[in-house]
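The sequence and structure come first.

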Amino acid sequence: MGVKKRDVQRRWWPVVIGVIVISVVGRLWLTNIDFNDCQLHWVDVHGVIPAVSSCSLNDSVGSNYLSPHQSDWEMEFDSTLASEQYRILSDDNGIHIAYGPNGDYRARATLRQLTHLTTEGAKLPYGVIEDCPAFRHRGVLMDVCRHFFTVAEVKRQLDIMALYKFNVLHWHLTEDQGWRIAMDAYSKLAEVAAYRSHGDSVYGGFYTREDLEEVVAYAAGYGIEVIPEIELPGHSQAALAAYPHLGCTGEPVAVPTEWGVFKDIYCAGNEQTFEFLDDVLDYVCEIFPSKYIHIGGDEAPKYRWEHCPKCQQRMKEEGLPNEEALQGWFNTRIENYLAAKGKQIIGWDEILEGGLSPNATVQSWRGFEGAQCAAEQGHDAIVSPTSHAYFDYPVSSIDVPKVYDFNLYPPNLDRFTYGHHIIGGECNLWSERIPNTETLDRRFLPRGIAMSEVLWSNPAERDYDAFWERLQGHYSLLDVLGYGYDVEQIPVKLGTKNDSFKEELKVIVTTEPAFANLELAVEAPTGMTMGSATTFTERGVHQIKVQPNRGGHAMGKVLNYEFAVHEGLMTHSCLTSPPTEPYTGTKDIPLVDGVLGSENYRDGNWVGYFNPDYFSGHFGWDQPYAIDSIKINFLQSRLSWILIPEKVITDVYESEDQISRYEWDRTSSTSEEGIFIETMVLAPEGGFPATQNIDLMIPNTEVLPDNHPSAGERVWHFLDEVQIYGRPL
Ligand SMILES: [Zn+2]
C-alpha cells in the first residue's frame with residue numbers, strides 16, 4: 001500500500017455547514033409469525049382458499065369429501081366459458097367442474113391447493129367457486145444458460161408453476177455463457193457452444209430434441225405453454241465460439257465465463273448468419289408448438305457493426321440511417337421468416353428502438369415505460385420490470401410485499417384505450433446467481449406465490465393482509481412437496497438511534513421478536529438472545545448471524561450482520577458531495593452509523609458514486625483525538641460496474657491552516673470476479689497527527705478496464721462505514 005504524505009497549505013474542502021450529531025444505538029427487530037393459526041378448519045375455508053374470482057361456500061348445509069385424485073371429480077367442458085375459466089360446484093351430487101379451454105388445469109390446481117392446505121380430512125362445503133384469470137400471460141422465465149438445469153429439474157419447476165396457475169414457461173435457451181439446443185446439422189453447438197471452461201473444469205450441458213419434446217409435452221400436461229427464447233443479435237457469443245464466421249470479425253472467441261454484455265454479436269451483413277438462424281428457427285418451430293418465439297433483442301452493443309464493412313454495406317443497401325435501424329431490419333427479417341411459419345415474436349423492450357411490425361409483442365424489463373410505449377403503439381406487452389419481477393435479486397431487494405404490490409399497468413397508461421394490450425407478466429429467474437434447484441426454490445418461493453396472485457387477480461381486489469394469512473398455510477404444502485423457500489421479508493433490521501446525550505461509545509443491539517412463531521436462531525459473540533438488549537463496547541467489528549426457521553425448516557439462508565464500535569461514531573460527520581441516486585444510504589449518517597453494508601449493494605447501507613460523481617466527506621470531533629487508523633469498506637461487483645476505487649485521499653487538520661494529506665492506492669485487482677467487500681486500511685506508521693477534523697475524498701474518473709465486457713463505460717464506487725479508531729486526548 002503506497003502511503004504518500006505531503007503538507008497542504010490551504011483548505012481543499014468546502015466548509016462544512018451541516019453538523020449532524022450522532023451516537024449509536026443499534027437495534028435488531030426480530031419478527032415472528034404464528035403458524036399455529038394455520039391449522040385451519042373448513043369453517044375457515046375462505047381463509048385458506050387460493051385467490052379466486054368469487055366463491056360462495058356454505059358449511060352448514062353439507063360437504064363433499066375432496067379427494068386428491070382428479071378421477072373422482074366430475075369434469076365437463078363448457079364452451080360458454082372463456083379460456084382458463086372454470087366453475088366448481090359442490091352439492092348433493094358431489095363435486096362437479098365445468099371448464100373452458102385449459103380451465104380444467106386451473107380448476108385442478110385450485111382443488112390440489114385446497115386438498116393440501118387442509119390438515120384434517122379434506123371436505124369441500126356445498127357452494128360454488130367461479131374463477132378466471134385477470135391476465136392471459138402468466139409466465140416464469142427460466143434461464144438454463146448461465147446455469148444449466150436438467151430436464152428433471154425443469155419438470156420440477158413446471159410442477160410448482162402448475163400448482164400456482166402459471167401458464168407460460170419462458171425458456172431462455174441461448175446465451176453468451178451457453179447454448180443449450182443440440183442440433184445434428186450444427187454439431188459444434190453441443191460440442192463447443194454448450195460448455196465453458198473455468199480454469200481446469202468445464203461447465204455446461206445441452207438438450208437433445210427428445211429432451212426438448214419431453215419438456216414441451218410435460219408442460220402441455222398442465223396447460224402450460226413453453227416459449228423458447230433464441231437470443232439475437234446479441235447475447236450470442238456461445239454460438240460464435242462454435243461458428244466464428246457468424247460474427248463480424250470472424251475471429252475465434254471463447255464461451256465467456258463472466259456475466260455481462262459482450263460486444264461480439266451476429267454479423268448483420270453476412271448472409272450465413274441468416275442461413276444459420278433460419279435453420280435454428282426451423283428446428284425450434286418443429287419442436288415448440290407455441291404461437292410465440294422470443295427473439296431476445298436486448299443488450300446488443302453496436303461496436304462490431306460500426307466497424308464491420310459487411311454490416312456497413314448492408315446499411316447502405318437497405319438505406320438504414322444507423323445501427324439501431326440495422327437491428328430493426330435484423331428483427332424484421334427474422335420476424336418475417338417466423339410469420340411465414342405462423343409464429344409471432346416477443347422481444348425485450350429494446351426492440352422498440354429499431355422499428356417494429358404490429359404483431360410483435362414487447363417484454364418490458366427496464367421499468368414500465370417500454371410496456372406503455374408498446375401498448376400506445378398497438379403492440380401487446382408483457383410486463384416484468386427489474387423493480388418487481390427480477391427474482392434473481394435477493395429478498396432484501398424485492399420482498400414479498402413488493403411483489404404483491406406489483407401493478408402491471410404502467411402508471412401513466414390510458415387503460416381505457418390501451419389496457420387490453422397489457423397481456424401479463426413474468427417472474428424472471430435469471431440464473432447468474434442461481435446455480436442449483438436449492439437456490440432456485442428460495443428465489444422463486446414464496447415470491448412466486450405472490451406473483452401468481454398478482455397475475456391472476458385484479459389489482460383492485462388485492463389485500464396484502466388477507467394474502468399473507470393465506471400464504472402461511474402454503475409453507476406446510478411446500479414442505480410436503482419438497483420445495484424450499486426464503487423469508488417473506490428480511491426479519492432482522494439493524495437500526496441506529498441518535499442518542500447525543502450519552503458520551504460513552506457503545507452499540508446497543510436489541511432483538512425484538514415481531515413475527516410470532518418465526519424462530520430466529522441468533523449467534524453472536526456475546527451470547528445474545530432474543531428479546532434482550534445487548535451492549536457492545538469493545539472496539540472493532542462484531543458479527544451477528546441469524547437463521548430464520550419455521551417448524552424446523554430453515555427459511556432462507558443465514559442472515560449475516562456486521563457492526564462496528566469505533567471513534568467515528570462520536571463524530572459530527574457529513575457528506576460534502578452528494579451520492580448518486582438511489583444509493584444514498586437510508587440512514588441519517590450512513591457512513592458512521594455502526595452498521596456495515598452487506599454484499600447486497602441495495603441493502604440501504606451503501607453509499608454509491610457513479611462517475612463523474614465522487615465521494616467527499618467530513619468527520620469532526622468536539623475535542624482533539626489521536627487517530628491510529630481509518631478503515632473503509634468498499635464493495636466490488638464487476639458485473640454491476642462497481643469497482644474498488646483507485647485512490648483514497650485523507651486530509652488531517654492539525655490546526656486551522658496546517659493540513660497533512662495522505663494518499664492510499666488500491667491494492668486489489670479490478671479484474672477480480674464475483675462480489676466481495678474489501679477493507680482499505682489507512683494506518684500510517686506512528687499514527688495520524690492529533691486532530692479534530694478529517695476530510696476524505698475518493699476521486700472517480702475511472703472507466704471499466706479493457707478486459708471488462710463493457711470496457712470504457714463509467715464506474716461506480718460503493719463504500720460503507722468509515723471506521724475510525726483512536727482515543728480522545
Ligand atoms: Zn458485421
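Predicted model: local features only at pLDDT ≥ 70, side-chain atom pairs only at ≥ 80, totals over all residues.

## Confidence

The average pLDDT of the protein is 86, and 87% of the residues score at least 70.

## Helix α16 with α15

Helix α15 spans residues 447-456 and helix α16 spans residues 464-481. Their axes come within 10 Å and cross at roughly 130°. Angles of 65 to 115 degrees count as roughly perpendicular and those over 145 as roughly antiparallel, and α15 and α16 are therefore oblique to each other. The crossing of α15 past α16 is right-handed.

On the α15 side, the contact is made by I449, A450 and E453. The residues contributed by α16 are F467, R470, L471, H474 and L478. By class, the residues of this contact are five nonpolar, one polar and two charged.

## Helix α16 with α2

Helix α2 (residues 103-117) also packs with α16, at an angle of about 95° and with the axes 9 Å apart. Since 65 to 115 degrees counts as roughly perpendicular, α2 and α16 are therefore placed in that class.

R112, Q113, H116 and L117 of α2 make the contact with G473, H474, L477 and L481 of α16. These residues divide into three nonpolar, four polar and one charged. H474 is listed on the α16 side here, and H474 is also listed in the contact with α15.

## Residue N58

N58 lies in strand β3, which covers residues 54-65. The relative accessible area of N58 is 35%, so the residue is partly exposed, this class lying between the limits of 20% and 50%.

Not counting residues up to four places away in sequence, N58 touches P125 and Y126. N58 and S90 are 32 residues apart in sequence, with a C-alpha to C-alpha separation of 9.6 Å.

## Residue P301

P301 sits in the loop between β15 (292-296) and α8 (303-306). Is P301 buried or partly exposed? Buried means under 20% relative accessible area; P301 has 22% relative accessibility and therefore counts as partly exposed.

Leaving aside neighbours within four places in sequence, P301 is in contact with V261, F262, K263 and I265. For I265, which is 36 residues from P301 along the chain, the C-alpha atoms of the two residues are separated by 7.9 Å.

Terms used
Residues numbered from 1 in each chain as written. Heavy atoms only, no water. Helix = DSSP H or I, 4+ residues; strand = E, 2+ residues; numbered from the N terminus. Buried < 20%, exposed > 50% of the residue type's maximum accessible area, 1.4 Å probe, protein only. Contact = heavy atoms within 4.5 Å. Axes fitted to C-alpha atoms, helices over the stretch in contact; angles between N-to-C directions. Parallel < 35°, antiparallel > 145°, perpendicular 65-115°, else oblique. Left-handed = near helix turned anticlockwise from the far one by under 90°. Nonpolar A, V, L, I, M, F, W, Y, C, P; charged D, E, K, R; others polar. pLDDT = per-residue confidence, 0-100.
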